[in-house]
Amino acid sequence: MAVVLDSTLDPATDAHPERRKDREQAILDLCQTAHFRPEGLSGPFILHIAVQGLSGLVFDVRNEEDMPLYAHVISLSPFRRLIKDYALMIDSFEAAMEEGNRTKVQAIDMGRRGVHDEAADLLVERLTGKIAMDLPTARRLFTLMCLLSQRG
């Protein structure tokens with residue numbers, strides 16, 4: 001599986017080393033370990049992910065030759081609070097890292113994992129019957145959703 005982000009990321013977000021690292025790690029993990037299967041299709045796939053307008057997330061699944069096989073759009077509305085909470089936690093995490101406050105970093109990281117888990121459960125639920133995936137795959141896709149929704 002390969003992953004392509006089909007959206008312009010906010011230059012400030014993309015330039016931030018930690019966020020760029022998160023994006024690169026999520027894509028690498030998806031390519032190596034993802035359990036992602038659109039109903040009725042078998043891989044390997046090239047997954048193009050894009051934000052459509054202000055409210056939709058597109059999963060554009062293609063074959064190895066990059067020819068379209070399947071596309072599915074989900075609303076970002078149910079994820080808005082989780083995306084906002086996650087962004088605030090990332091900002092708080094980065095500030096705590098700069099302060100060198102280990103206790104605060106650990107607490108924020110636990111909260112961030114909780115938001116990640118809640119979002120992964122919601123993503124799996126919203127895609128049931130359309131795209132099957134495991135929770136680690138959904139967590140990585142949520143990371144990319146957050147970055148794409150912060151576009152410029």
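User: Is Lys130 buried, partly exposed or exposed?

Analyst: This is a predicted model, in which local features need pLDDT of at least 70, side-chain atom pairs count only at pLDDT 80 or more, and totals for chains, interfaces and linings use all residues. Residues are numbered from 1 along each chain as its sequence is written, and side-chain values use heavy atoms, with hydrogens and water left out. Buried means under 20% relative accessible area, exposed over 50%, and partly exposed in between (1.4 Å probe, protein chains only). Lys130 has a relative accessible area of 33%, so Lys130 is partly exposed.

User: Which residues does Lys130 contact, leaving aside neighbours within four places in sequence?

Analyst: Lys130 lies in the loop between α4 (102–127) and β6 (131–133); helices (H or I, at least four residues) and strands (E, at least two) are DSSP runs, numbered from the N terminus. Contact means heavy atoms within 4.5 Å. With those neighbours set aside, the partners of Lys130 are Arg37, Pro38, Glu39, Tyr70 and His72.

User: Is Thr137 buried or exposed?

Analyst: Thr137 lies in helix α5. The relative accessibility of Thr137 is 0%, so this residue counts as buried.

User: With which side chain does the side chain of Thr137 make a polar contact?

Analyst: A polar contact is a pair of N or O atoms within 3.5 Å; within protein, one must be able to donate a hydrogen and the other to accept it, and residues adjacent in sequence count only if both atoms are side-chain atoms. For Thr137 the distance is 2.5 Å, and the partner is the side chain of Asp134.

User: What span does helix α5 reach from its first C-alpha to its last?

Analyst: Helix α5 covers residues 135–149, which is 15 residues. The expected span is 1.5 Å times one less than the number of residues. That gives 21 Å for α5, and the helix comes close to it, reaching 21 Å.

User: At what angle do α2 and α5 pack?

Analyst: Axes are lines fitted to C-alpha atoms, for helices over the stretch in contact, and angles run from 0 to 180 degrees between N-to-C directions. The axes of α2 (residues 17–33) and α5 are 9 Å apart, and the angle is about 145°.

User: Where is Asp66 found, and what is its phi?

Analyst: Asp66 is in the loop between β4 (56–62) and β5 (68–75). Asp66 counts as partly exposed because its relative accessibility is 31%. Its phi is positive although the residue is other than glycine, with a value near 70°.
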